[in-house]
Amino acid sequence: MFRSLRERNYRYYASGQVVSLTGTWMQRAAQDWLVLELSGGSPAALGVAVALQFLPTLLFTLWAGVLADRFDKRRVLIATQTALGVCGLVLGLLDVSGVAVLWHVYVLCFVLGCFAAVDAPVRQSFVVEMVGPAQLTNAVALNSMTFNLARIVGPAIAGVLITAIGTGWVFLLNGASSAAVVAGLLLMDVAALHRADRAPKERGQLRAGVRYVLGRPDLTVVMVLVFFIGTFGMNFENTFAVMARNVFHRDADGYGLLITMLAVGTLTGAALAARRSGRGGPRMRLLLLGAAVFGALEAGAALMPSYQLFAGALVPVGIAVMTFTTTANATVQLGVDPTMRGRVMGLYMLLFMGGKPLGGLASGWLAELLGPRWPILLGGLVSLVAALVGAGVLAFWRRGVARS
């Protein structure tokens with residue numbers, strides 16, 4: 001279950017990620033709460049903040065995939081992680097000094113999103129260099145466990161700290177936590193990395209990556225599913241803040257508990273994925289099933305009448321969504337040519353994260369117009385329909401291949 005940790009470089013990386021991601025989730029919870037405080041509890045304002053943070057994904061992620069194929073991924077990650085930490089420190093200083101206003105948060109959301117857009121595909125495609133292809137599925141699952149362990153601890157800590165000392169100190173702590181992942185990257189044994197040949201500098205590299213995916217119907221189905229679920233199904237954090245504050249009339253710690261309950265499910269799902277990784281590579285059937293079950297469970301959670309039932313329903317939702325995301329990530333990375341991995345993961349992250357500006361604005365508008373439950377309900381139904389359509393398309397394609 002933990003065999004990727006036998007790799008020294010991956011141990012350094014995972015240790016740094018535990019600290020840094022805990023700080024990241026603390027900041028996300030504090031940022032959402034600060035936006036609600038500065039805007040007088042407006043769901044639309046929160047949707048704008050989410051949109052600004054993920055808008056740069058549309059602009060830079062594909063080009064970041066080209067960078068990942070052409071340059072030293074470790075050095076790029078050191079630069080981006082340092083910049084992300086600085087963003088947290090700046091927002092913290094503005095907040096602690098009492099001068100922070102809503103447009104400050106909006107600007108820093110966008111700047112942070114720019115660095116995160118470059119960081120994401122490079123980081124995703126760097127995993128295989130640390131552990132090698134044989135351990136990739138396990139490492140992806142362990143990364144998800146680390147991410148979701150931080151998702152449990154971070155918001156819970158943030159909920160307490162926001163109440164005790166305010167949001168500004170949470171931002172400062174997140175900025176300081178970035179030093180852990182940078183230290184892990186600096187301590188790595190470069191000679192032990194499983195590096196693929198770098199793609200040469202030539203024209204049309206971005207288009208070549210897109211053509212490569214479009215020529216593979218199996219990859220295309222995965223990418224389309226990732227877009228619909230990432231855009232409409234996984235807008236959890238902004239909708240949870242509104243649900244906690246405006247529907248169930250809870251404070252910051254109540255919001256943090258909702259994120260924690262979801263994270264309990266996703267951590268469980270990641271642990272199950274790590275155990276499954278020893279039985280062979282990822283399976284398309286599991287990917288489609290995870291997507292469909294996630295959509296159905298999310299729609300059901302939206303209808304829960306009480307805070308306790310809503311929070312409890314998030315655990316199975318988390319298990320299902322993690323089954324889908326870990327399987328999708330490993331399917332894409334193991335199914336592509338190594339010289340194309342960075343560009344394909346750039347497209348993957350663009351579709352996974354790039355739709356969040358649309359999803360954030362849509363969920364904020366729906367919550368404002370129809371009520372906070374509607375973004376969650378419709379997001380679940382969209383995910384379910386996308387999974388069923390994807391299964392039909394793959395079945396049709398495979399029948400055509402068999403006949404030929």
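Predicted model: local features only at pLDDT ≥ 70, side-chain atom pairs only at ≥ 80, totals over all residues.

Residues are numbered from 1 along each chain as its sequence is written, and side-chain values use heavy atoms, with hydrogens and water left out.

Q: How many helices and strands are there in the chain?
A: The chain has 15 helices and zero strands. Helices (H or I, at least four residues) and strands (E, at least two) are DSSP runs, numbered from the N terminus.

Q: How do you know what radius of gyration a compact globule would have, and what does the chain have?
A: The rule is 2.2 Å times the number of residues to the power 0.38, with the radius of gyration taken over C-alpha atoms. For 404 residues a compact globule would therefore have a value near 22 Å, and the 20 Å of the chain agrees. The C-alpha trace spans about 60 × 45 × 40 Å along its principal axes.

Q: What makes a residue count as buried, and what percentage of the chain does so?
A: Buried means under 20% relative accessible area, exposed over 50%, and partly exposed in between (1.4 Å probe, protein chains only). Of the 404 residues, 57% count as buried.

Q: Are α1 and α6 roughly parallel or roughly antiparallel, and why?
A: The axes of helix α1 (residues 8-39) and helix α6 (residues 167-186) cross at roughly 160° and come within 8 Å. Axes are lines fitted to C-alpha atoms, for helices over the stretch in contact, and angles run from 0 to 180 degrees between N-to-C directions. Angles under 35 degrees count as roughly parallel, over 145 as roughly antiparallel, 65 to 115 as roughly perpendicular and the rest as oblique. The pair α1 and α6 is therefore roughly antiparallel. The residues of this contact divide into twelve nonpolar, twelve polar and no charged; Ala, Val, Leu, Ile, Met, Phe, Trp, Tyr, Cys and Pro count as nonpolar, Asp, Glu, Lys and Arg as charged, and the others, Gly among them, as polar.

Q: Why is α7 described as it is relative to α8?
A: Helix α7 (residues 205-214) and helix α8 (residues 217-233) pack at about 105°, with axes 6 Å apart. That angle makes α7 roughly perpendicular to α8. Y212, V213 and L214 of α7 meet L219, T220 and M223 of α8, where contact means heavy atoms within 4.5 Å. These residues are five nonpolar, one polar and no charged.

Q: What residues make the contact between α8 and α12?
A: α8 and helix α12 (residues 307-334) pack at about 145°, with axes 11 Å apart. L219, V222, M223, L225, V226 and I229 of α8 contact F324, A328, T331 and V332 of α12. The division is nine nonpolar, one polar and no charged.

Q: Is H249 buried or exposed, and what is its phi?
A: H249 has 64% relative accessibility and therefore counts as exposed. H249 lies in the loop between α9 (236-247) and α10 (252-276). Its phi is positive, about 55°, although H249 is not a glycine. Most residues other than glycine have a negative phi.
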